Amino acid sequence: MKMNGSQMMCEALLREGVDAVFGIPGGAILPFYQTLPEFPKLRHILVRHEQGATHAADGYFRASGRVGVAIGTSGPGATNMLSGIACALTDSVPMVCITGQVARGAIGTDAFQETDTIGVSMPVVKHSYQIMHAVDVPRVVREAFYIARNGRPGPVLIDFPKDVQTEIGEFVWPEEPVFDTDYRPIMDAQTSDLRQAAQLIAQAQRPVILSGHGVILAGASDEVQQLAEKTQIPVITTLLGISGIRSSHPLNLGMPGMHGLASASIAINEADLLIAVGMRFDDRVTGRLSAFAPHAKVIHIDIDPAEISKNVKATVGIVGDAKRVLRQLMPLVTPASHGDWIATIERLKKNHPLYVPDEGDKLFPQHVIQAISDVTDGHAVLVTGVGQHQMWAAHHYNFKERGLFISSGGQGTMGYEVPAAMGAAVARPDKQVWSICGDGGFQMTMYELATCAENNIPAKYAIINNNNLGMVKQWQDIFYKQDYVATKYTKNPDFVKLADAFGILGLRCDSRSKLLDVVKKANAHPGPVLVDFVVESSENVYPMIPAGQSIAELMEDPRIKKANTSGSKGR
Amino acid sequence: MEADRVHTIVALLRDRPGVLNRVASVIRRRGFNISSLTVGNCETEGLSRMTFVVQGDDNIADQVTKQLRKLMDVVRIADISYESFISREMALIKVRANPATRGEIMQIVDIFRANIVDVSPEALVIEVTGDEDKVASLLGMVNHFGVCEVQRSGRLSMVRGMIGAGDSTAVVTRSPNGHIPEVAVEVDRSGG
């Protein structure tokens with residue numbers, strides 16, 4: 001069938017199963033946009049900024065498992081997408097980004113709105129294409145989605161020159177992705193490695209499972225839980241691994257590391273075996289590598305060969321898909337009880353609780369997360385930004401389902417929360433979507449509230465408003481003698497009026513007694529809502545292990561010691 | 001910290017615009033300085049073979065090799081530093097020469113089994129092929145005549161025997177640190 005390049009792009013996207021795309025037009029992508037009305041099944045959501053399009057596509061995937069698509073024009077359109085692309089790459093999120101480009105003849109001439117998009121995006125994409133002939137569109141789209149989804153997932157960029165968008169050619173859809181070289185990620189483990197891993201598991205006295213984002217990406221939650229239950233091994237989840245196993249599972253130890261639970265960090269320190277699945281030993285997990293898990297052998301299962309022994313040397317490295325490898329491993333491991341170890345873990349959990357302030361009617365951030373958790377009964381999709389509120393969300397939301405926690409982990413992209421929640425809400429109309437926002441991050445991307453209002457996207461935005469760049473301020477508290485340089489917002493906007501200006505419901509809550517009513521009201525509202533939770537601004541996140549330090553430098557909430565002077569020895 | 005050593009990495013790449021850019025970008029990110037890089041067509045159409053030489057510790061070289069392997073345009077790649085391999089380099093050296101010195105230079109060139117490929121009243125161009133030491137020795141020998149211009153090709157390397165790292169149909173099983181045996185499967189994704 002004869003089509004122009006733009007029609008081919010739309011047709012190819014539909015054939016890849018895309019039902020919604022996020023984007024904003026400009027000159028160099030306009031022929032493509034003018035073609036969209038011919039493809040009514042392709043829902044286009046007009047965002048306000050290209051960064052919003054990328055984070056929305058990211059949230060769309062994390063909430064649904066369907067690859068998100070972001071579209072922008074050339075030059076600034078493309079460069080605005082870079083933060084979202086980098087965020088997706090670090091967190092292994094598949095995404096297809098389509099950028100307009102100046103006409104082929106103008107490439108390299110410093111034409112209006114020309115940027116070397118392939119060049120500037122190269123370090124942050126999994127792969128990229130510049131389509132130079134319209135007939136290549138179907139093949140490139142097929143490959144792009146395949147590459148984005150398979151192996152370690154990641155963003156793929158397609159740069160689409162304006163005159164290729166109008167060039168006519170024959171549309172030929174490759175039934176299978178065609179590569180002129182073979183791209184085959186390793187999915188299955190080798191038997192010898194599995195045997196060795198099973199042997200290490202059988203010998204271990206104090207093993208822990210470290211479950212990461214890869215477990216959620218591979219849909220391996222059941223397998224992790226089965227392995228944990230069969231062998232009675234506690235499960236520690238990384239930030240992005242949260243909700244890989246339900247929060248209240250007796251073997252779930254929660255998040256370790258810089259702001260992880262003390263019990264999880266101590267368990268790693270005492271463990272004699274780490275079974276790391278779909279995680280990459282990020283520095284926020286390990287702290288100082290030379291002091292990390294000093295007694296432990298390491299089984300490292302990851303789809304990306306480059307992650308094995310990158311930060312922590314693996315005793316047994318297994319490259320493969322988490323789900324398939326764990327299924328292969330399961331019959332080889334023998335049931336165990338690890339009674340003493342489990343008892344130690346239980347004691348750690350009991351002796352190192354999270355502290356939740358209780359000071360009359362004063363509203364603390366932890367209360368907000370707990371209230372949202374209670375009102376949504378642990379079944380909402382929870383999207384967070386980056387900073388203190390992110391850590392409180394990680395600590396205090398009681399996830400009862402898997403894969404509900406969506407957050408910018410590796411890049412720590414502030415502002416992620418607003419568009420990502422929007423994308424999640426588009427992808428999952430069946431789910432309540434709550435975005436936990438910092439007042440800082442929210443103001444980086446708040447323009448997307450207009451998109452929510454325009455399309456009646458019912459995300460609930462909870463600003464944990466401490467009128468500070470809270471996490472940075474916390475570092476100033478601890479490492480810079482409370483010298484607060486450039487972290488206080490002395491004139492934040494009136495967020496309720498702002499919501500009103502955007503045409504969505506705005507609520508405010510500044511006391512604990514009003515909290516539950518406000519959260520219930522927001523949760524019950526059918527459209528988008530913004531809630532300004534004005535919280536105590538002095539509150540800091542504990543526990544904390546300072547960057548580059550070890551468990552020896554673990555700081556627990558100073559108030560725990562006061563409340564618990566005659567309690568456990570702790571550490 | 002392990003001591004730095006010279007790593008010779010051989011790769012098969014898709015012959016695509018920007019591929020060198022992608023490879024160089026990964027190497028730069030890990031802070032390696034490329035001491036030489038040679039790339040050209042190979043036995044399979046659509047693929048190029050590249051040899052590059054970097055200095056760094058084994059772990060970082062291993063990491064760079066693995067990161068490069070993730071690029072879609074890298075079909076195969078291996079650090080062959082721990083293999084038995086042949087390396088050759090070619091250099092063109094323009095040396096000042098007059099009737100009085102020409103004979104002596106030609107003798108040196110003969111000893112090194114190099115060739116003279118251009119003669120003019122004031123200069124000679126020597127073509128020499130060999131390992132880097134040989135090229136360096138020859139340069140040392142002719143230096144005092146006045147070397148005007150040197151162009152070195154960079155190292156070309158090939159693993160000895162039938163099956164080698166660069167072979168577009170073979171599988172390499174060894175990695176410098178001995179771990180990650182699955183690399184053997186990973187490198188086997190050539191369509192050639």
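How much space lies in the largest cavity? About 180 Å³ lies there, and the structure holds five cavities of 30 Å³ or more, a cavity being a set of points on a 1 Å grid over the protein atoms alone where a 1.4 Å probe fits but cannot get out. This is a predicted model, in which local features need pLDDT of at least 70 and side-chain atom pairs count only at pLDDT 80 or more, while totals for chains, interfaces and linings use all residues. Residues are numbered from 1 along each chain as its sequence is written, and chains are lettered from A in the order in which they are written.

The largest cavity is lined by 21 residues, where lining means having an atom within 4 Å of a point, and those closest to its centre are Val285(A), Thr286(A), Phe292(A), Ile545(A) and Ile551(A). Helix α13 of chain A (283–286) is one of the elements that give two or more residues to this lining, and α13(A) gives the most, with four; helices here are DSSP runs (H or I) of at least four residues, and strands (E) of at least two.

Turning to chain B, one finds five helices and nine strands, and buried residues, those under 20% relative accessible area with a 1.4 Å probe and protein chains only, make up 50% of its 192 residues. Val39(B) lies in strand β2, which spans residues 34–41, and Val39(B) counts as partly exposed because its relative accessibility is 38%, between the 20% limit for buried and the 50% limit for exposed.

Methods: Side-chain values use heavy atoms; hydrogens and water are left out. On a 1 Å grid over the protein atoms alone, a cavity is a set of points where a 1.4 Å probe fits but cannot get out, and a pocket is an open set with protein on both sides within 12 Å along at least five of seven lines; lining residues have an atom within 4 Å of a point. Grid points are joined across faces, edges and corners, and a volume is the space filled by probe spheres set on the points.
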